[in-house]
Amino acid sequence: MRVYAIGDVHGRLDLLDRLLDAIANDDATRESTEVRLIFLGDLIDRGPQSREVIDRVLALKDNDIDVAVLRGNHEEVFQLVLDGDEEALRFFNRIGGRETILSYGIDAEFFACAELPELQAALIENVPARHIQLLRECEDMVEIGDYLFVHAGIRPGTALDQQRTADLRWIRGGFLDFEGSHPRMIVHGHTPSAEIEWRSNRIGVDTGAYESGVLSAIGIEGAERWALSTALETV
């Protein structure tokens, strides 16, 4: 199997389309084999095209491409909003949810003036059922061979089947600075860095796409692994 793990998109459809083209071109240069795309979470928020990003992921699935989507912390909060949690909506607006809400056709002036219950009702009405289904079907982790794919990371020293979902979606402290070994090589997003972080026990793939203009992915096949990005050159 050849795996491509894609970092945090955060509403940047333009970058996602460029990266998907780079992945397709890369795959075409290699021997034919089963291919799986893994989105490491945070498809939405901050960038301007969250709805369109979800539409693109659904189109990949419709074209019989093997796609897994991990639940990032931003998907977690968005799902709470759509379930009617008003406090979650307040928090959502502080972490880049405004851009997601506007991408679903909510007028900017209405967003600025509406009370939370009105805004929440309008958003729920505008989010397609397939989008809600995709959010509910997001996975917490994907294990393939010697690799474990999660959104944020894991709690060191805790068995994989005992990990808290809060850590899988939110952890930074205690994970990023941990230098010991994990049961698997951890591939994650969540914490932006200027370039892909290749560590002895983890690979961080979030290169801050919504702000940097660089969306990154890694390819894995057997003992080989390599990087792709929307920077001027693929590395």
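Is Asp-167 buried or exposed? In this predicted model, Asp-167 has a relative accessible area of 7%, and it counts as buried because the cut-off for that word is under 20%. The side chain of Asp-167 is paired with that of Arg-164 in a salt bridge, where the closest N and O atoms lie 3.5 Å apart.

Side chains of opposite charge can pair when their charged atoms come close. In this structure the count of salt bridges is 19. One of them joins Arg-36 to Asp-66, with 3.2 Å from N to O. This pair links distant parts of the chain, as the two residues are 30 residues apart. Arg-36 belongs to strand β2, residues 35-39, while Asp-66 belongs to strand β3, residues 66-69. Arg-36 has a relative accessibility of 18% and is therefore classed as buried. Asp-66, at 30%, is partly exposed, because its value lies between the limits of 20% and 50%.

Another salt bridge connects Arg-202 and Glu-197, again with an N to O distance of 3.2 Å. Both Arg-202 and Glu-197 are buried. Salt bridges can also share partners, and in this way Arg-71, Glu-76, Asp-140 and Arg-169 are joined into one network.

The next topic is how helices pack. Helix α3 covers residues 73-82 and helix α7 covers residues 116-126. Their axes are 9 Å apart and form an angle of about 100°. Angles from 65 to 115 degrees count as roughly perpendicular, so α3 and α7 are described that way. On the α3 side, the residues that meet α7 are Phe-78, Val-81 and Leu-82. On the α7 side, the partners are Gln-120, Leu-123 and Ile-124. Sorted by type, the residues of this contact are five nonpolar and one polar, with no charged residue.

Helix α8, residues 129-137, has three buried residues to look for: His-131, Leu-134 and Leu-135. Why do the buried residues of α8 line one face of the helix? Seen down the axis of α8, they fall within an arc of 100°, so they line one face. An α-helix has 3.6 residues a turn, so residues three or four places apart point the same way. What do the buried residues of α8 pack against? They pack against α2 (50-62), β3 and α3.

Key: Residues numbered from 1 in each chain as written. Predicted model: local features only at pLDDT ≥ 70, side-chain atom pairs only at ≥ 80, totals over all residues. Heavy atoms only, no water. Salt bridge = Lys/Arg side-chain N within 4 Å of Asp/Glu carboxyl O. Helix = DSSP H or I, 4+ residues; strand = E, 2+ residues; numbered from the N terminus. Buried < 20%, exposed > 50% of the residue type's maximum accessible area, 1.4 Å probe, protein only. Axes fitted to C-alpha atoms, helices over the stretch in contact; angles between N-to-C directions. Parallel < 35°, antiparallel > 145°, perpendicular 65-115°, else oblique. Contact = heavy atoms within 4.5 Å. Nonpolar A, V, L, I, M, F, W, Y, C, P; charged D, E, K, R; others polar. Arc of directions from axis to C-beta.
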